[in-house]
Amino acid sequence: MARVFPYESAVTWFHLLTAAAMAVVAVVILFLLNRKFGIGMAVVWDAVFLLSPWIVQFARNLYWVEFTWFLPMSFGLLCSVYADNKKIVGISCIGVFLSVFLKSACGYEYITTVMMGTILFLMADAGTALLTDKKEFPEIFKRILLVGIAALLGFLAAVCIHAYIRADGDIWRGLCSIYEKNVLERTWGGNPEDFPESERASLEASALTVLKLYFHFDTSLIMGISGKLFGGLCILSVLALFWRIWKDKIRGEIDKSTLYMFFLLFSAFLTSVSWFVLGKAHSYIHTHMNFVMWYFGFIQLLIYIPLHMLWIKLKGYILRKKRKR
């Protein structure tokens with residue numbers, strides 16, 4: 001592809017195209033969020049995409065190819081939004097397979113978070129259905145299986161091609177090489193003595209030690225919001241949701257939207273921390289990069305939930321004022 005552009009400007013063009021692809025994927029996600037939740041959720045995600053120092057820094061990078069991280073999520077969200085349309089569900093599964101394959105072909109880093117991102121909204125659908133309408137749960141679970149299998153097949157297809165190339169046609173030998181030289185080095189199970197001294201601490205560190213590293217931001221969450229507020233926003237969002245659920249329980253009501261937000265926040269947390277835990281050795285070393293994993297919905301929800309609860313309170317106050325008049 002570089003031959004299409006003048007030699008001096010090829011990299012600049014690739015930066016532009018990669019960043020533009022990320023912008024397109026972001027717009028698709030925003031459109032689908034607006035369809036599922038309304039304009040408020042879409043605006044918050046838009047602000048995070050635009051103002052996050054992490055998202056913006058990665059957008060043009062030709063190694064990380066950031067749009068491939070969020071492309072599978074867009075297909076998973078499409079499946080959630082148009083769950084009743086079998087044709088779109090089928091298209092979503094094909095899209096998940098191809099997009100996870102593309103991401104895996106670019107590299108295996110962050111693959112757990114990317115793959116869980118494909119079922120992020122479906123997991124929230126399932127949790128809400130389990131507590132409010134159990135008849136819907138089997139169909140939602142079926143969609144999670146379909147999307148999850150498509151993601152796994154996309155990943156395995158890329159790994160098998162990589163193994164074939166690495167071992168000159170011997171896929172099994174190639175898979176063994178990938179496992180021994182890549183998986184053990186970046187995840188769990190590697191013998192520290194088998195790797196360079198610079199990597200031994202990462203293999204010996206516990207998952208809890210690694211997780212603690214990622215609760216201390218050295219940058220802004222987004223422009224204007226300090227990373228020091230991360231822990232406080234986590235507590236505030238959880239307390240706000242529990243307070244709302246408790247209030248509804250006292251009234252004898254079930255607010256599906258509040259339950260959904262709770263399950264979505266929990267699912268987004270699992271999605272983000274999956275790489276910190278399963279990619280433990282990689283995360284221990286790459287603290288200058290891996291904070292970006294929090295932006296697969298979790299940071300967005302930490303900002304959206306308090307604002308949404310405040311808006312509900314404000315609407316209730318205005319309504320009470322009108323009734324008194």
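## Loops and backbone angles

Tutor: Asp168 lies in the loop between helix H8 (137-166) and helix H9 (171-186); here helices (H or I, at least four residues) and strands (E, at least two) are DSSP runs, numbered from the N terminus. The model is a predicted one, in which local features need pLDDT of at least 70 and side-chain atom pairs count only at pLDDT 80 or more, whereas totals for chains, interfaces and linings use all residues. Residues are numbered from 1 along each chain as its sequence is written, and side-chain values use heavy atoms, with hydrogens and water left out.

Student: What is the phi of Asp168?

Tutor: Phi of Asp168 is near 55°, a positive value in a residue that is not glycine. Tyr110, also not a glycine, has a positive phi of about 70°. Tyr110 is placed in the loop between H5 and helix H6 (111-118).

Student: How is Arg251 classed by relative accessibility?

Tutor: Arg251 counts as partly exposed because its relative accessibility is 46%. Arg251 belongs to helix H12 (residues 230-251).

## The whole chain

Student: How many helices and strands does the protein chain have?

Tutor: The secondary structure comes to 15 helices and two strands. The next quantity is the radius of gyration, which is taken over C-alpha atoms; the globule rule is 2.2 Å times the number of residues to the power 0.38. The protein chain has a radius of gyration of 21 Å, close to the 20 Å that the globule rule gives for 325 residues, so the chain is as compact as a globular protein of that length. Along the principal axes, the C-alpha atoms fill a box of roughly 80 × 45 × 45 Å.

## The nonpolar core

Student: Which residues have the most contacts inside the largest nonpolar core?

Tutor: A nonpolar core is a set of buried Ala, Val, Leu, Ile, Met, Phe, Trp, Tyr and Cys residues joined through side-chain atoms within 4.5 Å. The largest one has 85 residues, and Trp69, Phe70 and Trp294 have the most contacts inside it. Phe70 lies in helix H4 (residues 67-81) and, with a relative accessible area of 0%, is buried.

Student: Which residues does Phe70 touch?

Tutor: Leaving out residues up to four places away in sequence, Phe70 touches Met22, Val25, Ile29, Phe49, Ile55, Tyr295 and Phe296. Phe70 and Ala26 are 44 residues apart in sequence, yet 7.7 Å apart in space, C-alpha to C-alpha.

Student: Which backbone oxygen does the side chain of Ser104 reach?

Tutor: A polar contact is a pair of N or O atoms within 3.5 Å; within protein, one must be able to donate a hydrogen and the other to accept it, and residues adjacent in sequence count only if both atoms are side-chain atoms. The side chain of Ser104 reaches the backbone oxygen of Val100 at 2.8 Å. Ser104 is in helix H5 (residues 86-106) and counts as buried, at 3% relative accessibility. Beyond residues up to four places away in sequence, Ser104 touches Ile111, Phe155 and Ala158.

Student: Where is His286 placed?

Tutor: His286 is in the loop between helix H14 (280-285) and helix H15 (298-324). The side chain of His286 reaches the backbone oxygen of His282 at 2.9 Å. His286 is buried, with a relative accessible area of 13%.

## Cysteines

Student: How many disulfides does the count give?

Tutor: A disulfide is a covalent bond between the sulfur atoms of two cysteines. The criterion is a pair of cysteine sulfur atoms within 2.5 Å. By this rule the count is zero. Cys79 is in no disulfide; its nearest cysteine sulfur, that of Cys93, is 5.7 Å away.

Key: Buried means under 20% relative accessible area, exposed over 50%, partly exposed in between (1.4 Å probe, protein chains only). Contact means heavy atoms within 4.5 Å.
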